[in-house]
Amino acid sequence: MRRALLVVVFLALAVPGAAFAHASLKTETPSFGEELKVSPRRVVLQFDQTVDALPRGIQVLTPGGKNLAGKPYVITAQRQLVASLPKLPRGPYTIRWQALSNDGHIVSGVYTFGVGVPAPPVTAAVGAQGPTGTEDVVRWLYFVALALLVGGLGFRLLILRGQPLPARAERRFFWVTGIGVVAILQVGIVAFLLRGEDMLQLPFSLFIYGDLSPLANGTRYGEAFIAMTLGFALTAAALYLAWLVERRWLLWLAFALGLVFASGLSLSGHSAADPPHSWLSELADYAHLTAAMLWVGGLVSMIVVVWHGAPELRRTAFLRFSRMATVLVAVLLAAGTYLSILRLPHVSDLWTTGYGQVLLVKLSLVALALLWGAAHHFLAAPRLAAGDGGTLFSRLGRSMLGESAVAMAVLLVAAVLVDSKPPPQPAPRAPVAAHDSRR
Amino acid sequence: MIVAGLMPQAEFVHWWFATGFLMLGLVLLAEALVGPEVWRKRAWRPYVWPSLCFAMGIFMWPVMTFFTNSAIHMVAHGSWAEVLMLCGAAELGVARGKLHSQYWRLTSSLALIVSGTAFLVHEQNAWMFSRAAFLHHTLGWTALICAVFPFVLAFRPRSLVAATGFATFFVLLAVLLYCDRDVAPIFGHFSQFAGVPHR
């Protein structure tokens, strides 16, 4: 009886009917990011529901912005939107489409393809724009959130290892990391939508029904967004369960998940996408990012969790963090130097290109933060180790607050840097032909 | 491409969640009918519905990330994922004894308000002859109205009417999500005024 019931339930779920809401694009010819050998004769967009054609329903744009598509029309029970094409010369093309969905909404989208050449990424489609100032701020918030989560967990598990925390400090720790993981999810969604807006370039009323799947499924950025959102949702669950059932291994799980999924930034950024990139550049970027998150997040946790939540642990935590910060700074500098050399082929790029100038500002701020940290390490730490305390603690608290403010400024400049385009690499020297060498 | 090939149809996903909400509703209904004293005779029982709610929130994230063919759907699915996790987390905290205030129950009310608003905002059609528009409006207004039940429960935890109403909401939600097909005998394509059926 039970088995029969299960079979019935399974069959009921396995026999589909139809879908919800607006028309969605199911297939398209040419497809997203396709490199065609010959010119297509027409564009065909297949929807899951009936649609009506709009006057500029399909535009096939050359890099110069000229539309080559004919007037669009619908066929096959109103589910295919079609536009004929002349013979397209070799080159990259952008398709911008719009259709009136049966429920009255206008659905829109954009994607790219190439004839005889690789298709450009959809973020470089004709009419798309690069990251805006708002996106710089959003990316900065993302970095801060990541630092709170990863740095906060690292601080709790590595610096405060073996130290039972008073309830007040424990609560503060969960607040810091909880805010971090929730902000990562929220800010990540906002960042993705802003990137989609850059790509679609539609007014808000049309953007909300815009198709973001070419961005989600056809770019490294989109794939990283999917992986990171799912990963950090699991991290949030692990962190919450660690608080609920008070199991340390769940904190380690959250820390491991946070470290693993933070790599999405390195695997989708300049170090993975722009030449000359290699596994080494991706690894260096990841090491740079992780060290920065552990340092900045650790600093914030030191102030919020220990300085104000567990004063009895100040000395131990400060001395341990000071030792770990030395290692982190070494990693940060080594990886940062390697990446700078990789992205700026000439020293003069530092002051002649926009990317270099932003990097100079970042280096200045990093130098200030390092000096601040060095003062803590070489002046304050020995006094604390010798048993000094009292007023030193309150001065150190204020000083660390200043250091964290500089660290936040570094993250803001890093966000601008990530959204900037590095200068182009010099073209590789052409191999000398045999007949040339004989001359 | 591999992921695209494995993607279930949208209606399947709605039905899976409908099944989850049906289970949620039946558990809550059982608790309302037998009363909290009998329900808590087994230590694991108070954890059942909050755990289910929390788990459904986690499972909603893949829906948000893999169904990106409309920005507003993405945002709506994201908001449901968040409020399901929030509601489950708060109720689990209360059940475990980590949260002490009964006002944490207000998160359920908040979850229903956010969910209902998301349903209404992501379907802006004024007319309701088609299945999609009708379902969105029904789901949205039902969630908004039923938000009163957990609100009352936060102040009067022993209210049978509020507990039953809260449980019934999830059963109703499940029924409406199961109706997610144009050719369904109920809530299908209502009128030719809305044009030809979508499917």
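A residue is called buried if 20 or more other C-beta atoms lie within 10 Å of its own, exposed if 12 or fewer do, and partly exposed in between, with C-beta atoms placed from the backbone. The legends below describe a predicted model, in which local features need pLDDT of at least 70 and side-chain atom pairs count only at pLDDT 80 or more, while totals for chains, interfaces and linings use all residues. Residues are numbered from 1 along each chain as its sequence is written, and chains are lettered from A and ligands numbered from 1 in the order in which they are written.

Figure 1. I159(A) counts as buried because it has 25 C-beta neighbours inside 10 Å. Two residues are in contact if their C-beta atoms, placed from the backbone, lie within 7 Å. With neighbours within four places in sequence left aside, the contacts of I159(A) are G298(A), A317(A), R320(A), F321(A) and M324(A). L253(A) is 94 residues from I159(A) in sequence, and their C-alpha atoms are 17 Å apart.

**Figure 2. Helix 3 of chain A and the residue after it.** Helix 3 spans residues 167-200 of chain A, 34 residues in total. From first C-alpha to last it reaches 49 Å, close to the expected 50 Å; the expected span is 1.5 Å times one less than the number of residues. Q201(A) follows helix 3 of chain A and has a positive phi, near 55 degrees.

**Figure 3. The open sheet of chain A.** Four strands of chain A form an open sheet in the order 2-8-7-4, with mixed pairing; two strands pair if DSSP finds at least two bridges between them. Strand 2 (35-36) and strand 4 (51-61) of chain A are the edge strands, each pairing on one side only. Strand 2 runs parallel to strand 8 (residues 106-115) of chain A and is joined to it by 2 bridges. Across this pairing, E35(A) stands opposite G114(A) of strand 8 of chain A. Strand 7 (residues 91-101) of chain A pairs with strand 8 of chain A in the antiparallel sense, over 10 bridges, and T94(A) has T112(A) in strand 8 of chain A as its bridge partner. Of the 10 residues of strand 8 of chain A, 8 are buried, so this strand is largely enclosed by the rest of the structure.

Figure 4. Domain 1 of chain A supplies 14 residues to the contact and domain 2 of chain A supplies 13 residues. Strand 8 of chain A provides 6 residues, the largest share of the side of domain 1 of chain A that touches domain 2 of chain A.

**Figure 5. The largest nonpolar core, around L146(A) and L84(B).** A nonpolar core is a set of buried Ala, Val, Leu, Ile, Met, Phe, Trp, Tyr and Cys residues joined through C-beta atoms within 7 Å. The largest one has 177 residues, and L146(A) and L84(B) have the most contacts inside it. Domain 1 (19-124) and domain 2 (133-419) of chain A each give this core at least three residues. Beyond its neighbours within four places in sequence, L146(A) is in contact with I184(A), A262(A) and M293(A).

**Figure 6. V83(B) in helix 5 of chain B.** Chain B has 9 helices and 0 strands, and 47% of its 199 residues count as buried. V83(B) lies in helix 5 (residues 71-96) of chain B. It counts as buried because 22 C-beta neighbours lie inside 10 Å. Leaving out neighbours within four places in sequence, V83(B) is in contact with A111(B), V114(B) and S115(B). M23(B) is 60 residues from V83(B) along the chain, with 18 Å between their C-alpha atoms. The mean pLDDT (the predictor's confidence in each residue, from 0 to 100) of chain B is 84, and 82% of its residues reach 70 or more.

Key: Domains from an automatic or database assignment.
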